[in-house]
Amino acid sequence: MNAWEREVATLSFSNEGLDRGCIEESMYPWDKTVANWAEQGYDTGFLKQVHFATLPTDNLYAYNEPYEPWQDYYNTMMAEPVFRHETGLGWDPVIRIAFRIPFISYEEEIREETDEYVIKRDRDGWIRKYPKDGSLVTPVKPVVTCMEDWLEYKAHIQEQIRIHLTPENMEKAYGRFREGCKNKDFVVRLRVSGFFWTPRFLMGNEEQLYAYYDEPEVLQDICRFVTDVYKEHLDGILKIVTPSLVFFEEDLSGKTGPMISPDIFEEFMTPYYKEIIPFLRERGVQNVIMDTDGDFTIMIPKILECGLDGVLPVDVNAGVDIVKVREEFPTLKFIGGFNKLCIIEGEEAIEAELDRLRPVIKQGGCIVCTDHQAAPHTPLENYRYYSRRLKEVVAELRNESVEIG
């Protein structure tokens, strides 16, 4: 089987035609982990090419060398570095790409400066105060606080879209993966920001939560705008490559549960998921997943009702057990669910965790892997043992000859 067929079959609930389950990680690797492993002898040059950015200076990740603004938006910066990193560790081939609306598109502008601090408008449009003694940066004003702010900001973004998100730039970004995707030499995984994540980025977390009650029309218009931009630009991207999986970044839950209620999800997120998910499926996307850390379990009925297939990375240390969740929600798919801290503990803990997850691996509908990135202090030797043993267990439990039961 090729990489595409193996991933799609693994996420199905059938073993028909399956030689073994696919082996993929939930997320791109953590830069601190990569640096640690480079010191232990595994160095693919990853950190020489890209860095993990800290907003508002950069987008989520960026080249270390100068690059064109459109590369932040038609974003493939992590594709080859992560591909080399993961395949070198024995994982199946995945090309990770992203599409970003040009929210980070301002020139930095100093608004006030004293001996103690600088106040400036950052690249994302926020105004922040930077103490010169290196202490905590504090926000002065989010980019969006009301409808007037949003309409002004939206006009700016629309102009940035016109300038940077052109067919020519789209082809430069994604065209180099066309043949490999067509031949199914690898799977393409596409990430976009979701309908909780995006307003939070524009407003701030607390401000967004108040806005659900005080400024609901602003939130609805943000999500309407995001959906329209996705439909226009993803249509073009999906004519170049066909991701086997698209995931929406939301991060709407913490260790004790979601930051919003199921009713808020239904009112402010469900309509847009119900619109964009069929759009993606019509263009060949096989699975659409929501990315959230923490305990999301109270939200599962809404997740399924809006058409999402499942969740990643399934945070074990927030109390989420995919074995128990699967018993209550047998159609929910998972990517992740393996307690990353067990890898640090060593072989015995790794084997115990694999034993715990065997029922779900056998059922299918999941790609078992770390619940988020391997931690920086994870020994490389332990991680290699984990990846090897996971592949062996998946091969044992997910192939055509195995009866699901």
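**Reading a predicted model**

Modeller: Thr198 has a relative accessibility of 2%, so this residue counts as buried. Please bear in mind that the model is predicted.

Biologist: Where is Thr198 found, and which residues is Thr198 in contact with, leaving aside its neighbours within four places in sequence?

Modeller: Thr198 belongs to helix 9, which covers residues 197-203. Apart from neighbours within four places in sequence, its contacts are Phe103, Ser193, Ile222 and Val226.

Biologist: Does the other threonine on my list, Thr331, count as buried or exposed?

Modeller: The cut-off for exposed is over 50% relative accessible area. Thr331 counts as exposed because its relative accessibility is 51%. Its place is the loop between helix 15 (322-328) and strand 15 (333-338). Thr331 still touches Phe13, Leu304 and Asp309, when residues up to four places away in sequence are not counted.

Biologist: How far apart are Thr331 and Tyr383 in sequence and in space?

Modeller: They are separated by 52 residues in sequence, and their C-alpha atoms lie 30 Å apart.

Biologist: How should I read a sheet?

Modeller: Strands of a sheet pair through backbone hydrogen bonds, and the pairing is either parallel or antiparallel. In this chain, an open sheet contains eight strands in the order 3-4-9-10-13-14-15-16, and its pairing is mixed. Strand 3 (74-75) and strand 16 (366-370) stand at the edges; each has a single partner strand, so one side of each is without a neighbour in the sheet.

Biologist: How many bridges join strand 14 to strand 15?

Modeller: Two bridges join them, and the two strands run parallel. Strand 14 comprises residues 310-313. Within this pairing, Val311 stands opposite Phe334 of strand 15.

Biologist: Which backbone features deserve attention?

Modeller: Most residues other than glycine have a negative phi, and most peptide bonds are trans. Here, the bond joining Leu312 and Pro313 is cis, with omega about 0 degrees. Pro313 is found in strand 14.

Biologist: What is the phi of Asp251, and what is the phi of His372?

Modeller: Asp251 is not a glycine, yet its phi is positive, at about 45 degrees. Asp251 lies in the loop between strand 10 (245-249) and strand 11 (253-254). His372, also not a glycine, has a positive phi of about 90 degrees. The loop that holds His372 runs between strand 16 and helix 18 (380-397). With a relative accessible area of 23%, His372 is partly exposed.

Biologist: How many helices and strands does the chain have, and how does its radius of gyration agree with that of a compact globule?

Modeller: There are 18 helices and 16 strands. A compact globule of 405 residues would have a radius of gyration near 22 Å, and the value of 21 Å for the chain agrees with this. Along the principal axes, the C-alpha trace spans about 65 × 45 × 45 Å.

Conventions
Residues are numbered from 1 along each chain as its sequence is written. This is a predicted model: local features need pLDDT of at least 70, side-chain atom pairs count only at pLDDT 80 or more; totals for chains, interfaces and linings use all residues. Side-chain values use heavy atoms; hydrogens and water are left out. Helices (H or I, at least four residues) and strands (E, at least two) are DSSP runs, numbered from the N terminus. Buried means under 20% relative accessible area, exposed over 50%, partly exposed in between (1.4 Å probe, protein chains only). Contact means heavy atoms within 4.5 Å. The radius of gyration is taken over C-alpha atoms; the globule rule is 2.2 Å times the number of residues to the power 0.38. Two strands pair if DSSP finds at least two bridges between them.
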